[in-house]
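Biologist: Please put the model and its sequence on screen. I will then ask how its parts pack together.

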Amino acid sequence: TYKLNEETVVKIKELINSKISDNLVITKLTEYIPKITSEFDSSRRGKKFADEWFSVIKTTKLNFTKYLDVGSNTGSITVEFGKNLGLNKDSIHGIDLDSFSTQKIIPVKGFDFQYYNGLKIPFNDNTFDIITCSMVLHHVKYQSILISDIRRVLKKNGIILIKEHDSKSESVDNLIKLEHLLYDTLSLGLSYNNFSENYYFRQTNKSILKNIMLENGFTQIKITDSFILEKYYKFNPTKHFYHIYTEPLPVLFLTL
């Protein structure tokens, strides 16, 4: 993410070997790597991940008319994914907290954005036929409550695409936290103490997600893309994975 020259890399290695406190490491890093510009909101990054999301859901061969991104942040991916679905901006919706790690979320143009409280989704029942929730659940304390409300606003036989960490060890948990720490301090400018006071993480993995979705009446749709199933998962250190779920229509039994 950050392009570093050789001299800076040497300094960072010396920091690691010095075994000083995390707080002091971050202070030194901000001196070594000033004014980092993040790609988080770039259209290039948005298009890259939107294309990846679309490659996951295109095998469902469904037509989508109204889309919601839960935890959209600024919406740079949301807008591009909505375009991939063939939707206009009035049919592309995103919701998120008013701030994340104390940073105010300022949405990009091209979709309808609303702030919400993290649990109660501000839309009517059976509104959307596709919902995405990408890298959100590991920040949510009451995951089942949020999933239950997602089910409420999802149309019958609609789908939800979830991207998460498959975290099953303390080392992966720590690496996830480190990713957030570096981004929030080096790109957003938060202090180490500010990050520590506001960061929330809840371990999430494939097994935990499957149980939550099953408890809320969802069934899983098999993903067939080999890149997503094998290479993408295998070579990313924090074990990102994709799952697709749907709430099937109830089976009606007729007595003759």
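Biologist: Which residues of H2 do Thr-8, Lys-11, Ile-12 and Leu-15 in H1 meet?
Modeller: This is a predicted model: local features need pLDDT of at least 70, side-chain atom pairs count only at pLDDT 80 or more, and totals for chains, interfaces and linings use all residues. Residues are numbered from 1 along each chain as its sequence is written, and side-chain values use heavy atoms, with hydrogens and water left out. Helices are DSSP runs (H or I, at least four residues) numbered from the N terminus, and contact means heavy atoms within 4.5 Å. The partners in H2 are Val-25, Lys-28, Leu-29 and Tyr-32.

Biologist: How many residues of the contact of H1 with H2 are nonpolar?
Modeller: Ala, Val, Leu, Ile, Met, Phe, Trp, Tyr, Cys and Pro count as nonpolar, Asp, Glu, Lys and Arg as charged, and the others, Gly among them, as polar. This contact has 1 polar and 2 charged residues; the nonpolar count is 5.

Biologist: How do H1 and H2 lie to each other?
Modeller: Axes are lines fitted to C-alpha atoms, for helices over the stretch in contact, and angles run from 0 to 180 degrees between N-to-C directions. Here the axes are 11 Å apart, at about 170°. Angles under 35 degrees count as roughly parallel, over 145 as roughly antiparallel, 65 to 115 as roughly perpendicular and the rest as oblique. H1 and H2 are therefore roughly antiparallel.

Biologist: Which hand has the crossing of H2 and H6?
Modeller: Their axes come within 10 Å and cross at roughly 50°, so H2 and H6 are oblique. A crossing is left-handed if the near helix is turned anticlockwise from the far one by less than a right angle, and right-handed if clockwise. This one is right-handed.

Biologist: Which residues of H6 meet Ile-26, Leu-29 and Thr-30 in H2?
Modeller: Look along H6, residues 170–187. The partners there are Leu-181, Leu-182, Thr-185 and Leu-186.

Biologist: How much space lies in the second largest pocket?
Modeller: A pocket is an open set of points on a 1 Å grid over the protein atoms alone, where a 1.4 Å probe fits, with protein on both sides within 12 Å along at least five of seven lines. Points are joined across faces, edges and corners, and a volume is the space filled by probe spheres set on them. Here that is about 510 Å³.

Biologist: Which helix gives the most to its lining?
Modeller: Lining residues have an atom within 4 Å of a point. There are 21, and those closest to the centre include Val-25 and Leu-178. They divide into 16 nonpolar, 2 polar and 3 charged. With 6 residues, the top contributor is H6.

Key. Helix = DSSP H or I, 4+ residues; strand = E, 2+ residues; numbered from the N terminus.
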